[in-house]
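Subject: Structure handover

Hi,

Here is the structure for you to look through. Please open it first, then read the notes below.

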Amino acid sequence: MQQGSAGRSKILTTSGNAVLWINQCLWTLVPESFRQSRLGLLWGRAIFRITGLRKRRQLTTTWFFRNRPELAQLAELVQQMPDPGTLRMTVVGCSEGAEVYSILYILSKTCADLPVKLQAYDICEEALMIARGGRYSSADNILSLTRDHERDELFDKDNDELVIKQQFRDQVEWQSADPTREPVLSRIEKQDIVIANRLLFHMPPDEQYRVLQVIADMVRPGGYLFVSGLDLQVRTDLAKKRYWQPVTDNIEAIHSADSSMTRDWPFRYWGLEPFDKKHPDWSIRYCSIFRMPIEKPHPG
């Protein structure tokens with residue numbers, strides 16, 4: 001039975017790869033205007049469903065200031081919050097620290113007097129060692145989106161390396177753990193903001209749904225969840241079920257800002273489909289920032 005199942009799986013994988021190869025050839029032949037049309041988007045979504053059947057693997061590639069519109073929106077939301085005393089934030093899947101340090105830098109420019117308690121989690125110890133040290137080669141691609149004045153203000157120079165300034169490193173508690181599972185989960189107090197970007201798409205959709213529920217429960221009522229890089233339908237379904245309030249300010253700019261994801265759709269599982277305002281669920285489907293309900297909604 002196991003041999004038969006393995007054989008069928010291999011046939012399905014081979015067939016899927018052939019279908020993707022044929023569609024990729026056709027995709028490159030049609031004009032961009034057609035790809036962006038209603039028919040083109042439907043075609044792309046059908047291709048992407050097949051792409052999602054491919055094996056997924058964990059990646060740690062990232063960049064500083066990867067999504068500037070999202071960072072700007074984060075700073076604006078923090079400024080609008082009632083004084084929290086200390087801002088409690090958690091980043092799930094922090095990788096080599098680029099997103100964490102980008103966030104702290106932006107907040108230092110907009111909310112300089114606000115104390116920040118930031119917990120950063122990842123299960124890859126090698127990536128965490130880099131994040132903790134805050135030391136990067138000045139020629140590393142991770143810095144390719146960083147502007148000159150940001151290099152001067154965020155880093156100290158040490159020969160051919162750039163080192164995160166101590167004031168930013170001191171604000172982070174790095175954890176080599178999976179915060180979505182016990183015993184870590186029960187030790188996390190409710191957070192003002194939880195960020196889980198470009199993490200979940202490495203999992204199959206049913207696992208994405210489970211983990212996203214757990215991550216969302218880390219956020220206090222009225223707090224904010226930032227979540228991108230996952231199956232859009234998974235996020236849409238859970239947002240509707242839990243009555244999350246989408247933050248639609250700059251929604252299109254935030255959705256489309258990361259060209260490393262938009263350019264790979266629909267032939268890579270991490271690819272991100274084009275923003276489509278004609279989609280009936282567009283304000284939720286393409287939103288990556290949600291405010292958690294103040295009160296648990298009563299069933300219908």
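Y243 counts as partly exposed, because its relative accessibility is 48%, between the 20% limit for buried and the 50% limit for exposed. This residue sits in the loop between α10 and β9 (245–246). Its backbone stands out on one point: phi is positive, about 60 degrees, although Y243 is not a glycine. Keep in mind that this is a predicted model.

N250 is another case to look at. It also is not a glycine, and its phi is positive, at about 60 degrees. Find N250 in the loop between β9 and α11 (251–256). With a relative accessible area of 44%, N250 is partly exposed.

Next, the cis peptide bonds. One runs from E182 to P183, with omega near 5 degrees. P183 belongs to the loop between β6 (172–176) and β7 (191–197). Another cis bond links W265 to P266, and omega is near 5 degrees there too. P266 is in the loop between α12 (259–262) and α13 (282–285).

Now the helix packing. At what angle do α9 and α10 pack? The angle is about 40 degrees, and the axes are 10 Å apart. Helix α9 covers residues 205–216, and helix α10 covers residues 232–242.

On to charged pairs. Side chains of opposite charge can pair when their charged atoms come close. How many salt bridges does a search of the whole structure find? The search gives 22. Here are some of them:

- E32 and R35: their side chains form a salt bridge, 3.2 Å from N to O. Both residues lie in helix α2 (residues 32–35), three residues apart, or about one turn of the helix. E32 is partly exposed, with a relative accessible area of 44%.
- D156 and K165: this salt bridge has an N to O distance of 2.8 Å. D156 is partly exposed at 37% relative accessibility. K165 counts as buried, because its relative accessibility is 18% and buried means under 20%.
- R210 and E207: the closest N and O atoms of this salt bridge are 3.1 Å apart. The two residues are three apart in helix α9, so about one helical turn separates them. R210 is partly exposed at 28% relative accessibility. E207 is partly exposed as well, with a relative accessible area of 26%.

Salt bridges can also share partners. In this way R38, R45, E273, D276 and R285 are joined into one network.

Last, the surface. Which residues form a nonpolar patch there? They are W21, I22, L26 and L29. Together they have about 480 Å² of accessible area. W21 is placed in helix α1 (residues 2–29). W21 counts as exposed, because its relative accessible area is 59% and the exposed class starts over 50%.

Best wishes

Notes:
Residues numbered from 1 in each chain as written. Predicted model: local features only at pLDDT ≥ 70, side-chain atom pairs only at ≥ 80, totals over all residues. Heavy atoms only, no water. Patch = residues over 30% accessible without salt bridge, like charges linked within 9 Å, V, L, I, M, F, W, Y side chains within 5 Å. Areas by Shrake-Rupley, 256 points an atom, 1.4 Å probe, with all protein chains shown as cover. Salt bridge = Lys/Arg side-chain N within 4 Å of Asp/Glu carboxyl O. Helix = DSSP H or I, 4+ residues; strand = E, 2+ residues; numbered from the N terminus. Buried < 20%, exposed > 50% of the residue type's maximum accessible area, 1.4 Å probe, protein only. Axes fitted to C-alpha atoms, helices over the stretch in contact; angles between N-to-C directions.
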